[in-house]
Amino acid sequence: VKSSPPPAPKAPAAKVPTAPKPAAAPAASSGYWIQTGSFVQKSGADALKQGMEAQNLPVRINVKDIDGKSYYQVRVGPYSSREEASKWLGTVKAVPGASSGSFITQ
């Protein structure tokens with residue numbers, strides 16, 4: 001009687017590579033922000049943004065449409081607390097073109 005050879009070990013299943021899911025961008029409203037300017041022309045917002053970036057401040061332009069008109073809001077942040085945002089408020093106000101009435105929002 002002939003014995004059969006033991007079965008060959010199975011090769012491990014090939015892993016199918018999957019693309020990583022992109023992380024969701026944080027919502028503009030998360031954290032505390034310093035609102036430092038609002039412009040009807042994007043060029044004004046861009047100029048202020050460049051000034052903020054020159055000071056190494058984290059800055060973003062948000063577009064808000066009101067009654068069919070776009071406003072370009074320049075915001076610095078986000079900061080994890082109101083106290084942290086308050087520490088940067090004076091620096092933000094000192095950037096040329098920033099509003100002296102800059103304020104903290106959440």
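**Reading a predicted fold**

Modeller: In this protein of 106 residues, 25% count as buried (under 20% relative accessible area; exposed is over 50%, partly exposed in between; 1.4 Å probe, protein chains only). The model is predicted: local features need pLDDT of at least 70, side-chain atom pairs count only at pLDDT 80 or more, and totals for chains, interfaces and linings use all residues. Residues are numbered from 1 along each chain as its sequence is written, and side-chain values use heavy atoms, leaving out hydrogens and water.

Biologist: What is the mean pLDDT of the protein?

Modeller: The mean is 84, on a scale of the predictor's confidence in each residue from 0 to 100. A pLDDT of 70 or more is reached by 73% of the residues. Over residues 16-26 the value is below 50. Beyond near neighbours in sequence, that stretch has one contact in the model (heavy atoms within 4.5 Å). Where pLDDT is low, predicted coordinates should not be read in detail.

Biologist: Which elements does the protein have, from the N terminus on?

Modeller: The elements run β-α-β-β-α-β. That is two helices and four strands, taken as DSSP runs numbered from the N terminus (helices H or I, at least four residues; strands E, at least two).

Biologist: What makes S1 and S3 a pair?

Modeller: Two strands pair if DSSP finds at least two bridges between them. S1 and S3 have six, in the antiparallel sense, so they meet the definition. Ile34 stands opposite Val76 in S3. Strand S1 (residues 32-39) is also joined to S4 by three bridges, again antiparallel. There Gln35 stands opposite Phe103.

Biologist: And what joins S2 to S3?

Modeller: Eight bridges, antiparallel. Ile66 stands opposite Lys69 in S3. The two strands form a hairpin with two residues between them. Asp67, in the turn, has a positive phi of about 50°.

Biologist: What is the strand order of the sheet?

Modeller: The order is S2-S3-S1-S4, in an open sheet of four strands. S2 (59-66) and S4 (103-105) are the edge strands, each pairing on one side only. Neighbouring strands are turned by 40° against each other on average, direction ignored.

Biologist: What does helix H2 touch on the sheet?

Modeller: H2 (residues 82-93) packs on it, touching S1, S3 (69-79) and S4. Its direction makes about 35° with that of S1. Axes are lines fitted to C-alpha atoms, for helices over the stretch in contact; angles run from 0 to 180 degrees between N-to-C directions.

Biologist: How do you know what span to expect of H2?

Modeller: The expected span is 1.5 Å times one less than the number of residues. H2 has twelve residues and reaches 16 Å from its first C-alpha to its last, close to the expected 16 Å.

Biologist: How do you know where the buried residues of H2 point?

Modeller: They are Ala85, Leu89 and Val92. Down the axis of H2 they fall within an arc of 80°, so they line one face. The arc is that of the directions from the helix axis to the C-beta atoms. An α-helix has 3.6 residues a turn, so residues three or four places apart point the same way. The buried residues pack against S1, helix H1 (42-54), S3 and S4. Exposed Glu83 and Lys87 sit on the face turned away from the buried side.

Biologist: Why is Trp33 called buried?

Modeller: Its relative accessible area is 2%. That is under the cut-off, so Trp33 is buried. Trp33 lies in strand S1. Trp33 and Ser86 are 53 residues apart in sequence and 9.7 Å apart in space, C-alpha to C-alpha.
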